[in-house]
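Here is a short briefing on one chain. Keep the structure open while you read the points below.

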Amino acid sequence: MSTPRIDCAPPWSDVGRHAMSPEAGHDDVARFNFLANFNKYMSSVVVGGNAVAYESRVRPRWEAEHGRPPRDRREIRAAMSSDPYYRMWSSLRRSAMEMRQQAGRSLVLRQAESLRDRAAALNAGADTLRLDASLEVPRYQAAIDNHCMPGSYFAEYLPGDVSAAANYDAGMFATTTGLFGRFLDGAGRGVAEWLARVRPGWSPRRILDLGCGLGHNTVPVARAYPRAEVVAIDLAAPMLRYGHARARGMGVENVTFMQGNVERLPFADGHFDFVYSTMFFHETSHGALRRILREADRVLAGGGLHIHLEQPPYRGMDEFEKFLRDWDCYHNNEPFWTTLHDTHLPTLLGELGFRGDRVFETQIHAIVEDEMPKVAGEVEDYGRGGMWYAVGSERAPFDAWRGDAAGADGPAPGGPAR
Ligand SMILES: C[S@@+](CC[C@H](N)C(=O)[O-])C[C@H]1O[C@@H](n2cnc3c(N)ncnc32)[C@H](O)[C@@H]1O
């Protein structure tokens, strides 16, 4: 039997430095390097044993008891939940998530005050950071510690705290093993490249990023369209304070970071030419997703388009694969994960009566630095790889964007994705 070849994850010292980067010591770096390679080993080698366990003992035992194989992923989960190999894999995976949070928190909490002060200095006097202390965080966010982050995106241990965001920023390179790029902006760079390809020469005047987090994927779009007014909205003040300071430190000044719930946008109909989101929908809820999509449609200008990047839908996957992907829903505090991936988003857009009448689906790959690992083929590691499913729609008149690109090829008939 040949030993599988496993490439090492890039070292954590390759994380892109910026004005808000926490100061890391030897042990912090060693923890992140261990976690990155542990995650890589888990997702490339250890995961495979689940299928072996299922085929060799779990399914035969179920068949002996029920006279048929498990029907769907729910029955597979019921059958696998007592299997020792699956339990080991699941518990290691959960431990890796918890260790990642421990590693990040031990790095940022001890310097919470200096990070807060650095953010305050970079944010001073700017009218492009708009916080709203009266904002009510919806239950689907307030009730859980998203993907095992203690206190989630909202934890504030001191006034003006940014530590939750600094933790998110510092540890993500380890969980994504470099696949999102040095600045974790591979999705935003992918969006900018896609938009330039489907609408060459088009310059959206106003751009909206929904659920922007700390702006990892806002900054590359803002840079691609430096004359555009970009608005990036999120619920979490720590993410916005940190994100605004980080963007300023990078010399990006055309983004307004705004605290708000994107289920209710404070903008007039047709205000934005381009609306997008990255890795956001899976953290909402059944009702919220519908309200958010309606708002995205409402604020979209004629000739504009919107696009949303997410992990691939379950459509067409076999039941065992769906069962493995459901892990995040049951064990990683991502309660909407399964429902979202079961939802046929183009149909939902139709049901919501989208005025954007050209609905499209496409795939967007992370664009990362040459030295960073690239997503290989279809392997995307249950949402942590650099490859996304994308869905969106265009609002007529479709050729309004042609203005300064006369004669350029526009979107092909049927939508921009083809
Ligand atoms: C997984 S993060 C993704 C952040 C960012 N889009 C990125 O690509 O890095 C999801 C973000 O959605 C935000 N969020 C969740 N529900 C929201 C809502 N209803 N309105 C605004 N932001 C929301 C959370 O606060 C969190 O920062």
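Ala-30 is found in helix 1. Its relative accessibility is 36%, so Ala-30 counts as partly exposed. The C-alpha atoms of Ala-30 and His-341 are separated by 35 Å. Along the chain, those two residues are 311 residues apart. The model is predicted.

- A search of the whole structure finds 14 aromatic pairs.
- Phe-34 and Phe-38 form an aromatic pair of the stacked kind.
- Their ring centres are 5.5 Å apart, with 25° between the planes.
- Phe-38 has 19% relative accessibility and counts as buried.
- The cut-off for buried is under 20%, so Phe-38 at 19% falls on the buried side.

**Aromatic cluster**

- Which residues form one aromatic cluster?
- The members are Tyr-54, Tyr-86, Trp-89, Phe-320, Phe-323 and Trp-327.

**Helix 12 and Lys-322**

- Helix 12 spans residues 319–325, and Lys-322 lies in it.
- Is Lys-322 buried or exposed?
- Lys-322 counts as buried, at 12% relative accessibility.
- Leaving out residues up to four places away in sequence, Lys-322 touches Arg-73, Tyr-314 and Met-317.

**Positive phi in one loop**

- Most residues other than glycine have a negative phi.
- Cys-148 is not a glycine, yet has a positive phi of about 65°.
- Cys-148 sits in the loop between helix 6 (139–142) and helix 7 (163–175).
- With a relative accessible area of 10%, Cys-148 is buried.
- Ser-152 is found in the loop between helix 6 and helix 7.
- Ser-152 has a positive phi of about 55° and is not a glycine either.
- Its relative accessible area is 3%, so Ser-152 is buried.

**Strand 2 and Leu-210**

- Strand 2 runs over residues 206–210, and Leu-210 lies in this strand.
- What is the relative accessible area of Leu-210?
- The value is 0%, so Leu-210 is buried.
- Not counting residues up to four places away in sequence, Leu-210 touches Ile-233, Val-262, Leu-265, Val-275, Tyr-276, Ser-277, Phe-280, Ile-292, Ala-296 and His-308.
- Leu-210 and Leu-349 are 139 residues apart along the chain.
- The C-alpha atoms of Leu-210 and Leu-349 are separated by 17 Å.

**Helix 11 and Arg-294**

- Arg-294 is found in helix 11, which covers residues 286–298.
- The relative accessible area of Arg-294 is 45%, so this residue is partly exposed.
- Arg-294 and Arg-68 are 226 residues apart in sequence.
- In space, Arg-294 and Arg-68 are 43 Å apart, C-alpha to C-alpha.

**The chain as a whole**

- The chain has 15 helices and 8 strands.
- A compact globule of 418 residues would have a radius of gyration near 22 Å.
- The chain has 22 Å, which agrees with that figure.
- Taken along the principal axes, the C-alpha atoms fill a box of roughly 65 × 50 × 40 Å.
- Buried residues make up 57% of the 418 residues.
- Take the contacts with a separation of 6 or more: residues 24 or more positions apart account for 81% of them.

**Surface and charge**

- The accessible surface comes to about 17,300 Å².
- Carbon and sulfur atoms hold 52% of that surface.
- The chain carries 48 positive and 54 negative charges.
- How far apart are the mean positions of the positive and negative charges?
- Those mean positions are 1 Å apart.

Terms used:
Residues numbered from 1 in each chain as written. Predicted model: local features only at pLDDT ≥ 70, side-chain atom pairs only at ≥ 80, totals over all residues. Heavy atoms only, no water. Helix = DSSP H or I, 4+ residues; strand = E, 2+ residues; numbered from the N terminus. Rg over C-alpha atoms; globule rule 2.2 N^0.38 Å. Buried < 20%, exposed > 50% of the residue type's maximum accessible area, 1.4 Å probe, protein only. Contact = heavy atoms within 4.5 Å. Areas by Shrake-Rupley, 256 points an atom, 1.4 Å probe, with all protein chains shown as cover. Lys, Arg positive; Asp, Glu negative; His and termini not counted. Charge placed at Lys NZ, Arg CZ, Asp CG, Glu CD. Phe/Tyr/Trp six-rings, centres within 6.5 Å; stacked < 30°, edge-to-face > 60°.
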